[in-house]
Amino acid sequence: MTFIEALFQYEFLQKAMITAVMVGIICGVIGCFIILRGMSLMGDAISHAVLPGVAISYLLGINFLIGAIVTGLVTALGIGFVSQNSRIKNDTAIGILFTSAFALGIILISFLRSSSDLYHILFGNVLAVRPSDMWMTVIIGLIVLGGIFLFYKELLISSFDPTMAQAYGLSTRWIHYGLMTLLTLVTVASLQTVGIILVVAMLITPAATAYLLTNHLSRMLFLAAGFGTLSAIVGLYFSFTYNLSSGASIVLVATTLFALVFIFSPRHGLMRHRKRKESTV
């Protein structure tokens, strides 16, 4: 049976496809702002910081997305609070809080009954996604995309020129916290698909690929969403066909796309740079 035939026949594969595509889109879109603001480390921090919330949710028998959202938001706000109310810089606050949250999560996970739960939390298993998880991902995706659409101009100005944003009367602090909230939601939505360990790759790689192809934010957003979607679809195909880890497959496809663009991009590709050097010699 081919992948296409299975996609039309099996409901679990249909749910996996919807979930993976939505994750690819929102990771690509939010990742553009993460890259432009130099906040890649923050994405890594929040992806690890949700672990204790996931573990507590499993222990309480509730949907893990609930606990992940709470701990992710608390960590994001905590990082901002520490950096703004002490001599500690932002990257140092990130290192302290996300490693401590991750350590707490590891301790809590030791109380889980099955080691397979830990594997799925860390590396994702989109083929086992439940209807409730799928709909939660869709809802989160719509919230994130809606937030980006409504506050696009504010995010655009504050990402490229925070000083000008303040001159226009925009609160860069609240814009930052709003973006952190969206980042937390995207991270939580991605857990079932690529897991905690690999979610930062989906936040960064599609957006970085798009960044090599255009200098316009609007185009970058669409390209990043496209690369994220393509990575999700092709990665899911390999995961289902060859019985591979879904998260790892999706991330490796995204990395392959980045490598191709890195080499052959007409503006910023490696081959282009070499031609420029040869022409100046």
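Reader: Why is the pair R130 and D133 called a salt bridge?

Author: A salt bridge is a side-chain nitrogen of Lys or Arg within 4 Å of a carboxyl oxygen of Asp or Glu. In this predicted model, the closest N and O atoms of R130 and D133 are 3.1 Å apart, so the pair meets the rule. The count by this rule comes to one salt bridge. Side chains of opposite charge can pair when their charged atoms come close.

Reader: What makes D133 buried or exposed?

Author: Buried means under 20% relative accessible area, exposed over 50%, and partly exposed in between (1.4 Å probe, protein chains only). D133 has a relative accessible area of 2%, so D133 is buried.

Reader: How do you know whether L221 is buried or exposed?

Author: L221 has a relative accessible area of 10%, so L221 counts as buried. This residue lies in helix α12 (residues 217-242); helices are DSSP runs of H or I with at least four residues, numbered from the N terminus. Contact means heavy atoms within 4.5 Å. Leaving out residues up to four places away in sequence, L221 touches V29, C32, F33 and Y152.

Reader: What makes a set of residues a nonpolar core?

Author: The members are buried Ala, Val, Leu, Ile, Met, Phe, Trp, Tyr and Cys residues joined through side-chain atoms within 4.5 Å. The largest such core has 67 residues, and M42, V144, I148 and M180 have the most contacts inside it. Helix α11 (residues 172-211) gives the largest share, 21 residues. A second, separate core has 13 residues, including F3, A6, M134 and A232.

Reader: Why is helix α3 described as mostly covered?

Author: Seven of the ten residues of α3 (residues 40-49) are buried, among them M42, G43 and A45. The cover includes α4 (51-60), α5 (64-84), α6 (90-109) and α11.

Reader: How does the span of α2 compare with the expected one?

Author: The expected span is 1.5 Å times one less than the number of residues. Helix α2 (residues 11-36) has 26 residues and reaches 38 Å from its first C-alpha to its last, close to the 38 Å expected.

Methods:
Residues numbered from 1 in each chain as written. Predicted model: local features only at pLDDT ≥ 70, side-chain atom pairs only at ≥ 80, totals over all residues. Heavy atoms only, no water. Helix = DSSP H or I, 4+ residues; strand = E, 2+ residues; numbered from the N terminus.
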